[in-house]
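Hello,

Here is the structure I promised to pass on to you.

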Amino acid sequence: MVSLAQMRSSNAAIATALPAKLVAVFAGATSGIGETALKQFARHAVQPRVYFLGRTTASGERVRAELQAINPGGEYVFLSVDVSLLGTVDTVCRQIRERETAINLLFLTTGTLITGKDTAEGLYYPTAVTYYARTRLIVNLLPLLRTATGLRRVVTVFAGTKEGPIHTDDFATRHVPILAARGHASAIMTLSLEAIAVTAPEVSFVHDFPGPVKTNLGKDVRTPAFIIVGALFKLLWPFIGIPFAEAGDRQLFFATSARYPPARTAGGVVGSADGVPLPEGVEVARGSAGAVGGGVYSTNVDGETLSPKVAQVLARMRDEGVVGKVWAHTEDEFVRIAGSVAL
């Protein structure tokens, strides 16, 4: 486990350990975990240039003004996008690629609990927002991540360490039983990162579980089950909840620490481009496929990686060729909707 004090110590070193003028893209950053992580990034980075994505211009302008107050030396560009549509995701990626030649950090928190409907492109809405949009952002911006001379990292915030068996007849998670849905969707995300990482060993990929953070996720869902869950969470919040600013501290650590370097030989030496040097007592993490410094990491809120039980579940699916099946399905959907596997 990495203590909160160790995480904050690492974050405090960003200004001196990482170069100035880092370029970052935050998707889903006008509320919730994305917003708090973005603000912590702005607080610690030196002259960062940040593109942050959200749905409404009003929210974007509010966040931009707050970022400017936190760090006047940074540049903050809001891009309005409906991430449920891959066509609009492609448009915003083109805008970023026209302005930048390299990106240091891609941070993804887009998601929804709204179920029971499809997008205009024929994707199941919650999976479109949580998985397909995030993955499309990764593959579209991967060339810029690969060319960065400093930090090169993707962070996707969902349910790391909670992976379970994948229902290969329902990748979209339309009909997966509710008790199995989180494990199914989490495993799809982790295994898709493994597929992508094969082509980009110089980039590190972190899939994390943020813990119980009080956000707006699910606020617009009014089913009886969610109302009950919301009421229970409100009662338990004083005992289990993670404060908003603390959640940002933890996410910033996942985004910048050399605990999660790009792929390398097990036990290899951490390089200067891999993140903030490790504080005393913290070691390079074990990757999702088992190797130390493996390049893809599934981590919980305390920075701990997969339990042996979950690691075995993923190993079995790899042996059964599920990684290839997940990625073939994803690329098929990209081609069906956008005409290509990436921009």
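A nonpolar core, as I use the term here, is a set of buried Ala, Val, Leu, Ile, Met, Phe, Trp, Tyr and Cys residues joined through side-chain atoms within 4.5 Å. Please keep in mind that this is a predicted model.

The largest core of this kind has 57 residues, and I166 and F205 have the most contacts inside it. Helix α6 (residues 125-147) gives the largest share of this core, 13 residues. There is also a second, separate core of 39 residues, with F26, Y76, V206 and A255 among them.

Beyond its neighbours within four places in sequence, I166 is in contact with F171, H184, A187, I188, L191, M317, V322 and V326.

T173 sits in the loop between β5 (153-157) and α7 (178-197). Its relative accessible area is 15%, so T173 counts as buried. Leaving out residues up to four places away in sequence, T173 touches Y124, T127, A181 and H184.

Now to the charged pairs. The count comes to 16 salt bridges. In one of them, K39 meets E35 at 2.7 Å, N to O; both residues are buried and lie four residues apart in helix α3 (residues 32-44). E66 and R62 form another, with their closest N and O atoms 3.3 Å apart. E35, K39, R62 and E66 are linked in a network of salt bridges.

E202 and R146 also pair, at 2.9 Å, N to O. This pair links distant parts of the chain, 56 residues apart: E202 is in the loop between α7 and β6 (204-208), and R146 is in helix α6.

Enjoy exploring!

Technical notes. Residues are numbered from 1 along each chain as its sequence is written. This is a predicted model: local features need pLDDT of at least 70, side-chain atom pairs count only at pLDDT 80 or more; totals for chains, interfaces and linings use all residues. Side-chain values use heavy atoms; hydrogens and water are left out. Buried means under 20% relative accessible area, exposed over 50%, partly exposed in between (1.4 Å probe, protein chains only). Helices (H or I, at least four residues) and strands (E, at least two) are DSSP runs, numbered from the N terminus. Contact means heavy atoms within 4.5 Å. A salt bridge is a side-chain nitrogen of Lys or Arg within 4 Å of a carboxyl oxygen of Asp or Glu.
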